[in-house]
Amino acid sequence: MPKEWNFKQELVAVFGKPIAENPTQYMIEKAFAHHGLDWRYLSLEVEPEDLADAVTGMRAMNFRGGNCTIPHKVAVIEHLDRLGESAAMMGAVNCIVCEGDELVGENTDGKGFVQSVREVTDPAGKRVVILGAGGAARAIGVEMGLAGAVGFTIVNRTVERGQELADLLVEKVGVEASFVPWDGDFSVPSGTDIVVNATSIGLFPDVDARVPLNIETLEPGMVVADVIPNPPRTRLVRDATERGCTVLDGLGMLVNQGVVGFRYWTGVDPDPEVMRAALQEVFGG
Ligand code: NDP
């Protein structure tokens with residue numbers, strides 16, 4: 001049977017580095033199919049000098065939105081019409097949403113993380129240790145603060161970056177935050193509710209790399225979250241599970257940031273199970 005072509009497909013796109021097999025594309029397209037949406041998610045390689053033209057192209061071709069990855073998360077801002085609240089605080093955009101004639105910059109990484117946390121506990125009133133101070137840590141700190149977490153300890157190897165994140169949380173989000181330089185194995189202070197590895201330690205292929213942490217200081221009542229999606233069962237996830245902590249892997253954050261983006265673009269609440277299953281096909285876990 002010849003298949004009828006539909007020329008009215010809605011498009012969203014990711015602008016980033018070349019990605020041979022883009023897991024996010026796979027996850028989002030599985031969800032489009034599951035929800036009967038005749039949409040496409042394309043992976044498009046855009047060089048930094050072509051970013052302005054790429055965003056103009058999005059407008060011209062009526063894209064409904066897109067994601068953007070390193071190195072475009074900050075540079076894209078000047079080409080957009082406005083920013084969502086948390087993206088403005090972070091100064092970074094990973095999700096573009098077309099609203100009427102406007103392109104709006106959002107950041108879904110931290111929102112995805114908060115959603116994962118909500119599945120096990122309410123972030124409100126919690127004391128959080130964040131290991132790392134890069135883009136993921138920044139997104140997590142801002143969104144957890146907006147979700148009501150009250151105290152943050154930022155632990156980072158590079159002093160300037162760590163202090164900058166602690167200052168941002170105090171000044172822009174209005175929470176308590178202090179910086180601790182990461183020197184040797186970090187001991188998690190008792191009274192901590194949530195510990196987050198927001199570094200790239202443990203990412204494939206360095207799967208045996210150890211997060212410099214005194215594992216004995218992880219207590220059974222704590223939630224331990226790792227941002228690393230590949231592999232999902234990192235060394236930290238395994239160690240924290242053994243210590244009796246409530247553990248969140250990086251797939252949850254990746255699925256949930258996709259859920260938030262999907263909802264922004266389509267107005268449909270996607271089934272997170274379908275999306276997680278798609279990622280598990282790619283990453284295992
Ligand atoms: P950045 O490069 O912005 O930051 C990396 C952070 O890791 C910095 O704080 C860096 O410290 C720290 N770090 C790296 N190596 C070491 C080490 N050997 N010892 C101590 N600290 C180290 O990266 P991102 O924040 O954008 O991403 C971090 C990780 O988060 C990536 O692996 C990425 O895959 C993951 N991620 C997962 C998402 C998900 O949905 N699951 C979403 C977004 C990111 P320093 O400042 O000293 O260099």
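Reply: The following account describes the interface between the two domains, beginning with the division of the chain and ending with the residues on one side.

The model is predicted. Its protein chain is divided into domain 1, made of 3-107 together with 253-283, and domain 2, which covers 110-248. Taken over C-alpha atoms, the centres of domain 1 and domain 2 are separated by 26 Å. At the interface, 20 residues of domain 2 are in contact with 13 residues of domain 1.

The size of an interface is often given as the accessible area lost when the parts come together. Between domain 1 and domain 2 the buried area is about 1,400 Å², and carbon and sulfur atoms give 67% of this area. On the side of domain 1, the residues that lose the most area to domain 2 are Met89, Met90 and Met253, which together account for 47% of what that side buries.

The side of domain 1 that touches domain 2 receives at least two residues from each of helix H3 (85-90) and helix H8 (250-266). H8 gives the most to this side, supplying six residues. By class, the side of domain 1 that touches domain 2 comprises seven nonpolar, four polar and two charged residues.

Definitions and conventions. Residues are numbered from 1 along each chain as its sequence is written. This is a predicted model: local features need pLDDT of at least 70, side-chain atom pairs count only at pLDDT 80 or more; totals for chains, interfaces and linings use all residues. Side-chain values use heavy atoms; hydrogens and water are left out. Domain bounds come from an automatic or database domain assignment. Contact means heavy atoms within 4.5 Å. Buried area is the accessible area (1.4 Å probe) that two parts lose on being put together, summed over both. Helices (H or I, at least four residues) and strands (E, at least two) are DSSP runs, numbered from the N terminus. Ala, Val, Leu, Ile, Met, Phe, Trp, Tyr, Cys and Pro count as nonpolar, Asp, Glu, Lys and Arg as charged, and the others, Gly among them, as polar.
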